[in-house]
Amino acid sequence: MELVAKGWSALQEVDRVIDYADRNDTRLIPLLRGAKENFELDNMNTHARYWLARMHFKYHVPGACKAIGAALLIEAANMGDADAQYELGCKLRVDNEHVQSDQQSFYYLEKAVDQLHPGALYLLGAVYLAGDCVKKDVTSAMWCFHRASEKGHAGAAIACGSLLLKGVEIPEVVTRFSTTGKLRKKGGNIKQDLLKLAKEKFQIAAEAGNDLGFRWLKHLSDEMGRKESKQR
């Protein structure tokens, strides 16, 4: 893991300056070469293979080859790395417009979801919500969005909060031991409870720096203010 950490640290430095430098800037080469060497030295580590695959795809590193990157990504995914499974699932959906690869994509996304990968949870939730390649299932979509939001995924938090405001409840299987589940059993005000939960989701998005989260919080605050004014 020390080698992976060194390689990742070098890539972080590249990402910090790459937007302000030319992609072929020779000053980046030592950092990229160092990262690549560290990942290659620990190539039995599944996460090292994942990062090495990313280098072949994303960075202008000496010896970069997308075919090698694809092979490494598939290996890391099949070895159980959740990040690799998620990225491979995304690439199979996006990079193969003329190839029927949806089932393969869905297979790897589900593998990543089994490990509660937030990005995979969000994407699978969107698939279920839209009924894309699968039967539309709002309950499953809500489960995915809720789980991803618990891990700080801003997009999932927004999606979950929006569905809550539409009256879609979080599946009981994930609320059984929560305050929501207790209120449901006691016959509490479900509408108010869903509103409270929605605010919590938008707060998660706002804390992640998502502008839409701030807008939703302001909208709900303004709505509550208008209702209070009418009651007076």
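Residues are numbered from 1 along each chain as its sequence is written. In this predicted model, local features need pLDDT of at least 70, side-chain atom pairs count only at pLDDT 80 or more, totals for chains, interfaces and linings use all residues, and side-chain values use heavy atoms, with hydrogens and water left out.

**Exercise 1.** Work out which secondary structure elements the protein chain has and how much of it counts as buried.

*Solution.* Start with the elements: the protein chain has 13 helices and 0 strands (DSSP runs, with helices being H or I of at least four residues and strands being E of at least two, numbered from the N terminus). Next, take burial: 37% of the 232 residues count as buried, meaning under 20% relative accessible area with a 1.4 Å probe, protein chains only.

**Exercise 2.** Describe how helices H1 and H3 pack.

*Solution.* Two packed helices are described by the angle between their axes and the distance between the axes. Step one: the axes of H1 (residues 2-17) and H3 (residues 46-58) come within 10 Å and cross at roughly 30°. (Axes are lines fitted to C-alpha atoms over the stretch in contact, and angles run from 0 to 180 degrees between N-to-C directions.) Step two: that makes H1 roughly parallel to H3, as angles under 35 degrees count as roughly parallel. Step three: look at who touches whom, with contact meaning heavy atoms within 4.5 Å. H1 brings Val4, Trp8, Leu11 and Asp15, while H3 brings Ala48, Trp51, Met55 and Lys58.

Notes: Buried means under 20% relative accessible area, exposed over 50%, partly exposed in between (1.4 Å probe, protein chains only). Angles under 35 degrees count as roughly parallel, over 145 as roughly antiparallel, 65 to 115 as roughly perpendicular and the rest as oblique.
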